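Please look over the predicted model below before reading the notes.

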Amino acid sequence: MQKLNFPSYKFRLKNSENKTQIFDEVRKKFVVLQPEEWVRQHCLHYLIYEKKYPISLINVEKELYVHHQKKRYDIVIFNTDGSVCCIIECKAPSVAIDQSVFDQIAQYNLTLDTTYMMITNGINHYYCTMNPASKSYQFLESLPNYLPQNKRV
């Protein structure tokens, strides 16, 4: 698989039925290794090992409804009170991050009402925070490190 713009991580890989699989620490199972999954697993390791988000607050590939249509997000990080802290959209390295990707995550955010959003194709990463009053986003240099809610400033 392609080298990505994340720190290097060691992954558990196995072959099954002529398909390479990678172990997902959040879902606690092996999943087929596709280019987008390679990005998602790097992003998860980044969140867990660099940003220190607890695995218990991370959710991967779950359904949500946006305007009565079933969609599927890549990664969501929750606050300890159950509210959504961050949504992350992962794309394969070959997929350009363009306005349609920002529109996709903005639509998901209409339902999830997150504080932070991240978009990555493994090469380019974009981070932003939502301003609920103006319904606009402000770009950030990175996601904040995890701080338990009772220690937030």
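Glu 37 is buried, with a relative accessible area of 5% (buried means under 20% relative accessible area, exposed over 50%, partly exposed in between, with a 1.4 Å probe and protein chains only). This is a predicted model, in which local features need pLDDT of at least 70 and side-chain atom pairs count only at pLDDT 80 or more, while totals for chains, interfaces and linings use all residues. Residues are numbered from 1 along each chain as its sequence is written, and side-chain values use heavy atoms, with hydrogens and water left out.

**Around Glu 37**
- Glu 37 is part of helix 1 (helices are DSSP runs of H or I with at least four residues, strands are runs of E with at least two, and both are numbered from the N terminus).
- The side chains of Glu 37 and Gln 41 are joined by a polar contact of 2.7 Å (a pair of N or O atoms within 3.5 Å; within protein, one must be able to donate a hydrogen and the other to accept it, and residues adjacent in sequence count only if both atoms are side-chain atoms).
- An α-helix has 3.6 residues a turn, so residues three or four places apart point the same way.
- Neighbours within four places in sequence aside, Glu 37 is in contact with Ile 22, Asp 24, Arg 27, Val 31 and Val 32 (contact means heavy atoms within 4.5 Å).

**Helix 1**
- Helix 1 covers residues 35–50, and its 16 residues reach 22 Å from first C-alpha to last, close to the 22 Å expected at 1.5 Å a residue (the expected span is 1.5 Å times one less than the number of residues).
- Because 12 of its 16 residues are buried, helix 1 is largely enclosed by the rest of the structure.
- The buried residues of helix 1 include Trp 38, Arg 40, His 42, Cys 43 and His 45.

- Strand 1 (residues 13–16) and strand 2 (residues 19–24) pair in the antiparallel sense over 4 bridges (two strands pair if DSSP finds at least two bridges between them).
- In strand 2, Lys 19 is the bridge partner of Ser 16, and Thr 20 is that of Asn 15.
- The hairpin of these strands has 2 residues between them, and Glu 17 there takes a positive phi near 55 degrees.
- An open sheet is formed by 3 strands in the order 1-2-3, with antiparallel pairing.
- Strand 1 and strand 3 (29–32) are the edge strands, each pairing on one side only.
- Helix 1 packs on the sheet and touches strand 2 and strand 3.

Note on methods
Axes are lines fitted to C-alpha atoms, for helices over the stretch in contact, and angles run from 0 to 180 degrees between N-to-C directions.
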